[in-house]
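Biologist: Please pick one part of this model. Take me through it closely, and then through what lies around it.

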Amino acid sequence: MPAHATDFTWFEERYPDLAEAYCLTQVQGISADELLRRFDAVPGRSVTGLAAVVEAWETFDDGEDEHAPDGDEDLMLVAVTEFDGWAVAVEVNGYLGSLWDALPRLAEGTRLVSHFRNCNAVDSFHWQERAVNRLYFEPLFPTQRHGEDAEAPGMAELLAHCGFDLTDEEHAGADSGVDADPGVDAGADADSVAGSDAGSVAGSDAGSDAVEARPRLHTEAAFALAERLTDVRLTPERLDAAGFRLGYAPVP
C-alpha cells in the first residue's frame, strides 16, 4: 500500500523529542561514509538504533561527548546509515540537510530528498536532482511550492494522497485528499509527476480507501512523500535495528 501520513504516526509517539526538531536526508546510490564526507563530517563511533542516536545527541548537546573532536569549531552531530540503496542521515535538532547551499554538494550526481522541522514548527521539504531543485515547500503550507516540478501535472494529487491538506488553494485539484485514492505505486511517483505518466499519479479508483487529510499530520505526510520519492520505507523496527555511524559536521 502506498505511503500515507497515517502510516507515520509512530514517529511522534515513539520519538517525541526527535519529532519536535529533526532533519532527515536521503541520498541515492552512495554509501553512508560518502554521505558523511559530503557533510564534511569527522567520523565518530557507531551505535545501534535511532534511540541510541537521540541519546548520543543529548550527550553531545550537554558537552559531555568524549568522542567529539577538540577545537573551537561549531559542530553538529549527524548519524548516517543505509537502506535499500540510499544513504540516510538523521540530525537531532539539526538542519544541515535542509540548507540551500549544501544541497548541490549533498546531491552531487544523484537524487536527494530531505525534510526538516524545528521546535518553532518551521519546516521544509526538498527534492533535489543534482544541482536542480525539483520541489521545495514547507509541509505546513503545501500549496506554496517552488521548483521544476512544483506545478507539474499530478503534483497536487500526489501531495493529497500523502495526506497534505490542500484545501486553501483553488488549484489543489485533488479535493484535499478526501475521496482521493492513495493506491499509487510508490516507486513510480517521482517519474510520473515529472511528466512521463502524470495521469497515473492520481490513480484510477477515486474514493478507494480514502483518508481525510489532517493539518496536524503535515510532518507525517512529509515522511510519506519521501517514501514515495525514494521507495524506502522507514519503520520503527528498521530504525531500531539499524547501525548508525556518528559524525561531527561543521556548521556553515
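Modeller: A cavity is a set of points on a 1 Å grid over the protein atoms alone, where a 1.4 Å probe fits but cannot get out; its lining residues have an atom within 4 Å of a point. The model is predicted, so local features need pLDDT of at least 70 and side-chain atom pairs pLDDT 80 or more, while totals for chains, interfaces and linings use all residues. Residues are numbered from 1 along each chain as its sequence is written, and side-chain values use heavy atoms, without hydrogens or water.

Start with the cavities. A search of the whole structure gives three of 30 Å³ or more. Strand β1 gives the largest share, three residues (strands, E, have at least two residues and helices, H or I, at least four, as DSSP runs numbered from the N terminus).

Now follow β1 into its sheet. The sheet is open, with nine strands in the order β2-β9-β3-β4-β1-β5-β6-β7-β8 and antiparallel pairing (strands pair if DSSP finds at least two bridges between them). Its edge strands are β2 (42-48) and β8 (141-146), each pairing on one side only. From one strand to the next, the twist averages 20 degrees (axes are lines fitted to C-alpha atoms, for helices over the stretch in contact; angles run from 0 to 180 degrees between N-to-C directions). Five bridges join β6 (123-129) and β7 (132-138). There, Q128 stands opposite N133.

Helix α9 (218-230) lies across β1, β4, β5, β6 and β7. This helix, α9, runs at about 175 degrees to β5.

Last, look at the loop between β3 and β4, where D84 is found. D84 counts as partly exposed because its relative accessibility is 49% (buried is under 20%, exposed over 50%, partly exposed in between, with a 1.4 Å probe and protein chains only). Leaving aside neighbours within four places in sequence, D84 is in contact with D231, V232, R233 and R238.

Conventions:
Contact = heavy atoms within 4.5 Å. 1 Å grid on protein atoms, 1.4 Å probe; cavity = no way out; pocket = protein on both sides within 12 Å on 5 of 7 lines; lining within 4 Å. Points joined across faces, edges and corners; volume = space filled by probe spheres on them.
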